[in-house]
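Below is a short report on one helix and its surroundings. Start from a single side chain, then widen the view.

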Amino acid sequence: MAAELIDGKAFAAKVRGKVAEHVARLKEEHDITPGLAVVLVGEDPASQVYVRSKGKQTVEVGMNSYEHKLDVDTSEADLLALIDQLNNDPAVHGILVQLPLPKHLDEDLVINSIAPEKDVDGFHISNVGLLGTGQKSMVPCTPLGCLMMLRDYHGSLSGMDAVVIGRSNIVGKPMAQLLLGDSCTVTIAHSRTKDLPDVVRRADIVVAAVGRPEMVPGDWIKEGATVIDVGINRVERDGKNKLVGDVDFASASERAGAITPVPGGVGPMTIACLLANTVTACCRANKLAEPEGLTA
Ligand code: NDP
């Protein structure tokens, strides 16, 4: 295997370490403990696992975790009332509403009711606009994690050709904005892109965020390119349940210069960046210096 492995698990541990250090300093010097509120509506098993994991890691870095579990048939008015209460609670610096929400709730309305400065997922329309115009914002966690790993590996990304496959609001679009912000020449590919292999072959950086198991084969990858695989796909292999990315890891590793594995690549960075965003939000709320290297 030629490619260097970008170890997201180890990198996420480093990010959590930095967050924990900053939290300790906030407590010691300012008597402030950052707090993250997570709201879960319903009992979707995957969402329950994510919420548990977020709560556990929040406490491990020394922050306060507030979990709000609501019935699946909670009304929009009740959910909005809870968000309003959290918006006005000075102990809460970050608010995350776990998606997807049950069908009867309007996701856009709910997300846009979170105070933008507490929107640690970075999905509020104000944060989308701030990111798009290069202003200080809360940055969506998964693309932020990808950017941190790319910066760590390359130093400067300036002038590199980057292709982002996928144009979702939570991964593809903000990822492209972040790469543009770091002066890459960015192409966003999607399901209607003509000749995707040719587009990908030109890229120094490939970020795959599609949700199709191993759809990017090694022979699409330019020799020496850096491959960031966001995809999380469950497949059956040899009678076993396995997680694979959007990139065919075995063949892509033969050509890439560096590559993230699945699992153990982008995945662990997402919650680490949620914690990073919460400590950043807390510093901004208290007009204190932000930790370095934990935001875009
Ligand atoms: P979406 O389904 O919202 O978006 C998928 C994107 O892929 C769309 O823009 C779609 O194009 C594009 N696409 C679909 N098929 C093709 C194709 N054949 N060729 C090129 N583009 C295609 O997914 P998300 O962005 O939410 O997630 C993407 C993946 O990342 C999933 O596997 C998800 O599980 C994973 N993920 C991982 C996270 C982590 O923490 N590591 C966090 C979030 C997501 P079009 O717009 O034209 O339909």
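Beyond its neighbours within four places in sequence, T142 is in contact with V171, V230, V266 and T270. The model is predicted. T142 sits in helix α6. Its relative accessibility is 17%, under the 20% cut-off, so T142 counts as buried.

α6 covers residues 141-154, and its 14 residues should span 20 Å at 1.5 Å a residue. The end C-alpha atoms are 20 Å apart, which agrees. After α6 comes G155, with a positive phi near 75°.

How much of α6 is covered? Mostly covered is the answer: 10 of the 14 residues are buried. They are C141, T142, P143, L144, G145, C146, L147, M148, M149 and L150.

The buried residues of α6 pack against these elements:

| Element | Residues |
|---|---|
| α1 | 8-30 |
| α7 | 172-181 |
| β7 | 205-208 |
| β8 | 226-229 |
| α10 | 266-285 |

Two packed helices are described by the angle between their axes and the distance between the axes. For α6 and α7, the axes come within 9 Å and cross at roughly 35°. The crossing is right-handed. From α6, the contact uses P143, L144, C146, L147 and L150. From α7, P174, M175, L178 and L179 take part. By class, this contact of α6 with α7 has nine nonpolar residues, no polar ones and no charged ones.

Note on methods: Residues numbered from 1 in each chain as written. Predicted model: local features only at pLDDT ≥ 70, side-chain atom pairs only at ≥ 80, totals over all residues. Heavy atoms only, no water. Helix = DSSP H or I, 4+ residues; strand = E, 2+ residues; numbered from the N terminus. Expected span 1.5 Å × (residues − 1). Buried < 20%, exposed > 50% of the residue type's maximum accessible area, 1.4 Å probe, protein only. Contact = heavy atoms within 4.5 Å. Axes fitted to C-alpha atoms, helices over the stretch in contact; angles between N-to-C directions. Left-handed = near helix turned anticlockwise from the far one by under 90°. Nonpolar A, V, L, I, M, F, W, Y, C, P; charged D, E, K, R; others polar.
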